[in-house]
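This briefing covers one protein chain. The notes after the structure are grouped by topic, from the whole chain down to single residues.

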Amino acid sequence: MIPNKKQMDLTCGCRDAPPLVSSLLGLATLGALFVLDLLTILKHHRVFSANLISHTYTSPTLLPTPVQNQKIFIVAQFWTNAHIISERWGQALLDLVGVLGKENVYISILESGSMDNTKEVLQILDGVLEQNNIPHLIVLDSTTHADEINAGPLDEQGTPRQGWIQTTTVGTQWGKELRRIPYLARLRNTALKPFFKFHDEQEQNFDKILFLNDVVFRPQDVLTLLATNQGSFSAACAMDFHLPPAYYDTFALRDTEGLGTIQTTFPYFRSIESREAMLKGMPTKVSSCWNGMIVMDSAPFYEGLRFRGLSDSLASKHLEASECCLIHTDMNVTMPGAGNRIYVNPSVRVGYTVAAYNTTHADPDESFVSATQYVTGVWTNRLRRSVLARETKMMKEVKRKMARWVKEGENSLEKREENGELCTIDEQHILIWNGWKHV
Ligand SMILES: *[C@@H]1O[C@H](CO)[C@@H](O)[C@H](O)[C@H]1NC(C)=O
Ligand SMILES: *[C@@H]1O[C@H](CO)[C@@H](O)[C@H](O)[C@H]1NC(C)=O
């Protein structure tokens with residue numbers, strides 16, 4: 001039966017509208033709202049894509065003035081990465097120096113205990129850097145994970161070494177195991193040694209420190225990262241991908257409210273400030289990030305900032321935090337306000353494989369979020385925010401354990417304070433001879 005138009009219009013204002021008509025009207029309103037929402041989101045997607053491009057810098061001459069000719073200290077650490085370095089990373093580094101200018105950079109690479117021919121590959125790179133007069137120091141350390149572990153939890157005088165904790169694993173060599181994070185923090189500080197040496201000798205000061213993982217990157221990615229927020233930041237991170245569209249580094253990324261990401265795909269964040277900036281495709285404020293490639297302001301390091309892990313007594317409670325997150329919460333203490341100038345720059349995407357890099361630069365306009373992914377992302381983010389509690393079970397557990405740790409320490413000599421709660425998760429990472437493991 002065809003509804004009578006006139007009759008429907010008349011019934012509109014009536015108090016006793018027939019149920020069918022009012023539910024049809026309800027559906028029509030919902031449909032209209034849905035379409036309106038969809039159109040608004042699609043409009044935002046166009047702004048997002050345009051912003052990604054307008055914040056991309058392909059040549060050093062286009063960089064904002066404060067960023068031009070900055071002195072950059074480049075740091076990388078390797079363990080068993082021969083293939084990656086010889087296939088692509090070494091060349092990418094040389095390309096980068098070609099763009100930044102060798103007078104503006106110093107390269108510090110630390111390798112230790114690799115189980116493949118990383119040392120040989122780095123020796124070749126060392127030769128190339130030497131030939132081209134590019135300032136650098138490549139340290140090849142023969143200490144393996146096995147050596148670190150075999151050294152045992154006590155030193156020659158019988159005093160306990162740092163970084164060893166009691167775990168639940170039975171039948172370990174020493175009854176204690178060696179933590180991974182303090183070990184990594186120590187390596188990172190070692191790789192920074194030339195940075196401080198220059199400072200002591202007053203020879204050269206650096207504006208920025210660039211930490212590079214074994215990622216796929218192009219020179220323009222580093223230029224764009226340096227230009228984040230016109231070069232005004234305490235830290236600027238790329239986004240990193242192993243299996244896109246999911247991002248990779250969940251261990252160190254926290255939004256402006258100190259929360260871990262609410263989803264591994266776009267737009268990632270829960271806090272309104274981080275989420276809205278990401279949705280606009282703008283440099284996004286966060287409390288902590290690393291993401292495979294990060295540029296940090298050198299000033300806090302000159303003020304004494306160093307990498308570290310949680311204390312052993314706290315880690316013994318089955319807690320751990322990335323040294324790459326703690327560096328941010330510590331930086332905020334070393335230089336008050338620095339914690340408010342940390343950005344993730346969505347114009348910079350790096351990959352752990354060439355395929356991952358390509359996928360996140362695939363569009364003609366090199367965007368990494370299609371209109372469909374954008375719309376789906378906005379909707380799933382809304383849904384997750386309304387369903388999932390802000391404070392997760394894990395966060396409550398961390399808070400409880402930290403409070404107990406402080407309380408138990410009231411009578412001990414150890415000063416029990418930890419400003420890295422937002423970094424802390426309910427995990428234990430232990431070094432093993434051929435890598436590391438959870439316990
Ligand atoms: C930085 O320190 C301020 C003041 O102590 C604090 O309010 C803020 O949450 C900190 N930010 C981060 C990212 O740690
Ligand atoms: C990635 O993109 C480059 C440049 O377009 C191309 O040469 C290469 O074959 C691609 N590699 C993969 C694994 O997709």
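P267 is in the loop between β7 and α9. The peptide bond that joins F266 and P267 is cis, with omega about 0°. The model is predicted.

**The loop between β7 and α9**

- P245 is found in this loop, between β7 and α9 (272-280).
- The peptide bond from P244 to P245 is cis, with omega near 15°.
- Y268 has its place in the loop between β7 and α9 as well.
- Phi of Y268 is positive, near 65°, and Y268 is not a glycine.
- Is Y268 buried or exposed? Y268 counts as buried, because its relative accessibility is 1% and the cut-off for buried is under 20%.
- As background, most residues other than glycine have a negative phi, and most peptide bonds are trans.

- N69 is found in the loop between α2 (19-54) and β1.
- Phi of N69 is near 55°, a positive value in a residue other than glycine.
- N69 has a relative accessibility of 57%, so N69 counts as exposed. The cut-off for exposed is over 50%.

**The chain as a whole**

- The chain has 15 helices and 12 strands.
- Its C-alpha atoms fill a box of roughly 95 × 60 × 40 Å, taken along the principal axes.
- Of the 439 residues in the chain, 47% are buried.
- Among contacts with a separation of 6 or more, 76% come from residues 24 or more positions apart.
- The chain exposes about 21500 Å², and carbon and sulfur atoms supply 56% of that area.
- There are 43 positive and 48 negative side chains in the chain. The centres of the two sets lie 9 Å apart.

**The open sheet**

- How many strands form the open sheet, and in what order? The sheet has 8 strands, in the order β3-β2-β1-β6-β9-β7-β10-β8. The pairing is mixed.
- The edge strands are β3 (136-141) and β8 (284-285). Each of them pairs on one side only.
- Helix α7 (residues 193-200) packs on the sheet. The strands that α7 touches are β1 (72-78), β2 (105-112), β3 and β6 (208-212).
- The direction of α7 makes about 135° with that of β2.

**β1 and β2**

- β1 and β2 pair in the parallel sense, over 7 bridges.
- I74 has I107 in β2 as its bridge partner.
- Buried residues number 6 of the 7 in β1, and the strand is mostly covered.
- In a regular strand the side chains alternate between the two faces of the sheet.

**β10 and its two partners**

- Why is β10 described as largely enclosed by the rest of the structure? The reason is burial: 10 of the 10 residues of β10 are buried.
- Strand β7 (residues 235-241) and β10 run parallel, joined by 6 bridges.
- In that pair, D240 stands opposite V350 in β10.
- β8 pairs with β10 (residues 342-351) in the antiparallel sense, over 2 bridges.
- T284 has V344 in β10 as its bridge partner.
- K285 stands opposite Y343 in β10.

**A buried arginine**

- R188 lies in helix α6 (residues 180-191).
- R188 has a relative accessible area of 13%, so R188 is buried. The cut-off for buried is under 20%.
- Which residues does R188 contact, leaving aside its neighbours within four places in sequence? R188 is in contact with Q77, F211, W290, F307, E323 and C324.

Key
Residues are numbered from 1 along each chain as its sequence is written. Chains are lettered from A and ligands numbered from 1 in the order in which they are written. This is a predicted model: local features need pLDDT of at least 70, side-chain atom pairs count only at pLDDT 80 or more; totals for chains, interfaces and linings use all residues. Side-chain values use heavy atoms; hydrogens and water are left out. Helices (H or I, at least four residues) and strands (E, at least two) are DSSP runs, numbered from the N terminus. Buried means under 20% relative accessible area, exposed over 50%, partly exposed in between (1.4 Å probe, protein chains only). Contact means heavy atoms within 4.5 Å. Accessible areas come from the Shrake-Rupley method with a 1.4 Å probe; for residues, only the protein chains shown count as cover. Lys and Arg count as positive and Asp and Glu as negative; His and the chain ends are not counted. The place of a charge is taken as NZ of Lys, CZ of Arg, CG of Asp or CD of Glu. Two strands pair if DSSP finds at least two bridges between them. Axes are lines fitted to C-alpha atoms, for helices over the stretch in contact, and angles run from 0 to 180 degrees between N-to-C directions.
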